[in-house]
Amino acid sequence: NSIREYEALQTYEDLLVRAVQRQMLSDVPIAILLSGGVDSALITKIAQDISGECLDTYTAGYAIESAANEFVEARGSAAILNTRHHEVILDEKVFFDTLPSLVKAIEEPLGSQSIFPINFLSSQIHQDGYKVALTGQGVDEPWAGYGRYNSEIYFDKFQSPLLTVFRPLYRLFSHDKVKRGIRALTSGNRVNRFVETYSVFNANMIERMASGLSNVSYRNSLSNLIQHKFEYLSLEEYRGVDAMTFLDARMNLSDDLLLYTDKISMQHSVELRVPFLDLDLMKFAESLPSKLKVTLFKNKVLHKKLSEKFLPKEIVHRKKKGFYTPRREWFKGELGDKYLSLLMEDTGSFSNLINRKYLCSLFIRHKQGAVNYEKQIYLLVVLFYWMRYFVDGKDI
């Protein structure tokens, strides 16, 4: 595609404004989910310009100091955008009490922590009389907003068999994203590299933890899944970053983000609408060359250029946080102890699948701060609740 940047920028603006206009068609008033980031702020700004009214915005946060908290940033955005802003405060007791019901509602053992803030935001929006709300979800996949896309750019430019020499280095790091990134970059085969990128548990962890699952069978099953997607979507000839964004839009979005967002919000009779996933807009985004989306050191390139037209740079270039929970801190304390006891005392299908000694070691190492296992612990807890309810037929 030889489209020039200024042409792409104008087309993107036209399509996005039309998308927001379409999503604002409603017989009832519309609220907006506003985080501290650029995506929801852009939707809010365009929506207010279209409506000519002061809109109600909502953000969720936590009663502790945590990197997951976006209260300060969201307040700043709301003040700049001049919205009527509302905050929903959550804590770890509510997390513990609510998670089982959310697993039942989603009906799948998803590892997405965002179900928690989405649930309570939807509840508050419903209590305030709204039935429809806009959200800034759906930007990171088509516009290359995750760090893994920069890694793919790096691999496309500098791929070399010598990278495999650095594979053992992942053991030196405690951060899960860094560990997965090193394992992915040092996997020569593209399908295997994608498997490493997407996996919460690496092959060695699966073999040590799950009874009857070998390293080989685990790796083969995931590789076959990704290979099937490659063939089905005709991605073999795509560059790495283009293949990954295309794949994520059809796996991460449809099978995860959109799935739980719809099921959780509809529990509260709230329809969450996603302007960034307008079909015309998505078709346009996927037609663009990757250089307009991501470079070695920048993400969402064209998206942020458009955002600068509507928003101050302090919002556009804030560090990305996402819809997170402070589970890393919570799992180090009383909440982690509760979940460890719950999982260790199980006598159902979960206990037959999981090696308890290894399970215990994950909790202990996380509690000590040796490695950040928040993702692995959370997914194990979700899997436990899911198996107890949907496999063993017991209430949770």
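Is Glu-13 buried or exposed? Glu-13 counts as buried, with a relative accessibility of 15%. The views below come from a predicted model.

View 1. Glu-13 belongs to helix α1, which covers residues 5–23. Its 15% relative accessibility falls under the 20% cut-off, so Glu-13 goes down as buried. Set aside the neighbours within four places in sequence, and Glu-13 is in contact with Leu-306, Lys-309 and Phe-310.

**View 2. Helix α8 against helix α11.** Here we have α8 (residues 190–198) packed with α11 (residues 240–267), at an angle of about 50° and with the axes 12 Å apart. That angle makes α8 oblique to α11. The crossing of this pair, α8 and α11, is right-handed. On the α8 side, look for Arg-190, Phe-194, Thr-197 and Tyr-198. They meet Gly-240, Ala-243, Met-244, Leu-247 and Asp-248 in α11. Sorted by class, the contact of α8 with α11 comes out as 5 nonpolar, 2 polar and 2 charged residues.

**View 3. Helix α4 against helix α11.** Now α11 again, this time with α4 (residues 92–106): the two axes come within 9 Å and cross at roughly 115°. This puts α4 roughly perpendicular to α11. The crossing of α4 and α11 is right-handed. From α4, the contact uses Leu-102, Ala-105 and Ile-106. From α11, Leu-259, Tyr-260, Lys-263, Ile-264 and Gln-267 take part. By class, the contact of α4 with α11 splits into 6 nonpolar, 1 polar and 1 charged.

**View 4. Lys-319 in its loop.** Lys-319 sits in the loop between α14 (313–316) and α15 (327–332). With a relative accessible area of 78%, Lys-319 is exposed; the cut-off for that label is over 50%. What about Gly-36? Lys-319 and Gly-36 are 283 residues apart along the chain, yet their C-alpha atoms are separated by 9.3 Å.

**View 5. Confidence along the chain.** Across the protein chain, pLDDT averages 88, and 89% of the residues score at least 70.

Definitions and conventions
Residues are numbered from 1 along each chain as its sequence is written. This is a predicted model: local features need pLDDT of at least 70, side-chain atom pairs count only at pLDDT 80 or more; totals for chains, interfaces and linings use all residues. Side-chain values use heavy atoms; hydrogens and water are left out. Axes are lines fitted to C-alpha atoms, for helices over the stretch in contact, and angles run from 0 to 180 degrees between N-to-C directions. Helices (H or I, at least four residues) and strands (E, at least two) are DSSP runs, numbered from the N terminus. Angles under 35 degrees count as roughly parallel, over 145 as roughly antiparallel, 65 to 115 as roughly perpendicular and the rest as oblique. A crossing is left-handed if the near helix is turned anticlockwise from the far one by less than a right angle, and right-handed if clockwise. Contact means heavy atoms within 4.5 Å. Ala, Val, Leu, Ile, Met, Phe, Trp, Tyr, Cys and Pro count as nonpolar, Asp, Glu, Lys and Arg as charged, and the others, Gly among them, as polar. Buried means under 20% relative accessible area, exposed over 50%, partly exposed in between (1.4 Å probe, protein chains only). pLDDT is the predictor's confidence in each residue, from 0 to 100.
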